[in-house]
Structure formats: C-alpha cells, structure tokens
Amino acid sequence: CALATSIEVVIAGRIVMEAHRAGQTIDDLLELSRIELGEEPVRDLVDLVDVVHDGVARAHQLAELKSIVIESFDIPDGARVTGDRRQLVSALGNLVENAVKYSEPGSSVQVRVRVQPPWVELMVADHGVGIPAADHTRIFERFYRVDKGRGRETGGTGLGLSIVRHVATNHRGDVQVSSAEGEGSTFVLRLPLATSPQPRRQVEQRSRI
C-alpha cells in the first residue's frame, strides 16, 4: 500500500511537471509568434532599471527553489532605450531564467548593465554547466537544446533564446554568448542607447534575491 502510494505521488508529480512544460511551451510560442508577426513596433522610451527589475522578478520563484542568489550590479541612472518594454522584459527574463535553470543549487547569477555609447549592454552571467563551443551558433534556433536530457530535467522549451534573438533584432541590436563547458555562460543583449546616462548617484547598485 505504501509503495503504491509512493508510485502515485511520483506519477502525479510527473503529470504536473509535464502540464507546466506544455503550458510554458504554449506561452513561449505565442510570445514568439507576436514578435515574428511584425506588428506595428512600439517605440517608447524604456528605462532599463525597470527592465532589469521585472526581468529578474520572473526568475524569482525558481531561484528560491534552487537557493540561487540573483545579483544586479551597475545600473546607470538614465540608461534608456527606445522600444517595446514588454519585449525587452521578456528577453532579459528568458536570459535570467536560463541562467538559473542551468546553474547548480546554491550558486549565483549576475545581471549587469553597461553603457558604451552608442550602445547599452545587458549582461547575464552564471556559473553553471556551460555550453560547448560547437553549439554557440545554434543555441538561438527555436527548439534547439544543447543537452536534451538536461532540457527535460529543467523544463525548458527550447524557445527562450530564439525569443531573445528576435527581440534584439526588432530593436536593431544583437545578442552574443561567451561560454565554456563547466565554466558557466555570459549572455550579452546589446541595444542602441536612447540617451546618454546621467551621472550615477551610487558607484554600485546591488540587489539580492
């Protein structure tokens, strides 16, 4: 009886996980479709402090479950871009969620904003499993996974980085990756800077989740 109950619990957990993965896949496909449809682009002035705050918040629950600290550093006052705030939050959120998914429990993920006129860079770095060099050119393809078994374990859909690439293109920017197996990964979302940042009120801003 106890064994049967244990098996039922495992099966129920698997069903919940698969249902969550299916729902996430649908959400990601809808998001990607909206971006690819080429709807009239939104051209608002977007403060990257807000983008970082909302993007990090998307990974908050998963980070807590894995005891991972998400730190945000060096967010210059006045660092802004012209574009679609929802898309930008989606792109950064996907990068942060990926970093958390592929990091070991108890480790950390760093989010930085660096201004190098005429560009501003949003950087997400982790100390996770890393990506083999041979896969660097393919990871932005939809449904592509470096490690299919690991993808199933983390619940990834294989669409997140494709969304990031499309958002970068829509905003006349690009996305780059620097990674090595066993040494973690750093993704850089580079976008045109809307205005020159004002002087920083603080040398460093840091938040911990």
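Buried means under 20% relative accessible area, exposed means over 50%, and partly exposed lies in between (1.4 Å probe, protein chains only). The model shown is predicted: local features need pLDDT of at least 70, side-chain atom pairs count only at pLDDT 80 or more, and totals for chains, interfaces and linings use all residues. Residues are numbered from 1 along each chain as its sequence is written, and side-chain values use heavy atoms, with hydrogens and water left out.

**View 1. Aspartate 174 and arginine 190 form a salt bridge.** A salt bridge is a side-chain nitrogen of Lys or Arg within 4 Å of a carboxyl oxygen of Asp or Glu. Here the N to O distance is 3.1 Å. The pair links distant parts of the chain, 16 residues apart: aspartate 174 lies in strand 6 (residues 174-179), arginine 190 in strand 7 (residues 185-192). Helices (H or I, at least four residues) and strands (E, at least two) are DSSP runs, numbered from the N terminus. Arginine 190 is partly exposed at 23% relative accessibility. Aspartate 174 is also partly exposed, at 22%.

**View 2. A salt bridge joins aspartate 54 to arginine 85.** Their closest N and O atoms are 2.4 Å apart. Aspartate 54 sits in helix 2 (residues 48-58) and arginine 85 in helix 4 (residues 85-101); the two are 31 residues apart and link distant parts of the chain. Aspartate 54 has a relative accessible area of 23%, partly exposed. Arginine 85 is partly exposed at 37%.

**View 3. Arginine 138 pairs with glutamate 141 in a salt bridge.** The closest N and O atoms lie 3.1 Å apart. Arginine 138 is partly exposed, at 38%. Glutamate 141 is partly exposed, at 29%. The salt-bridge count comes to five.
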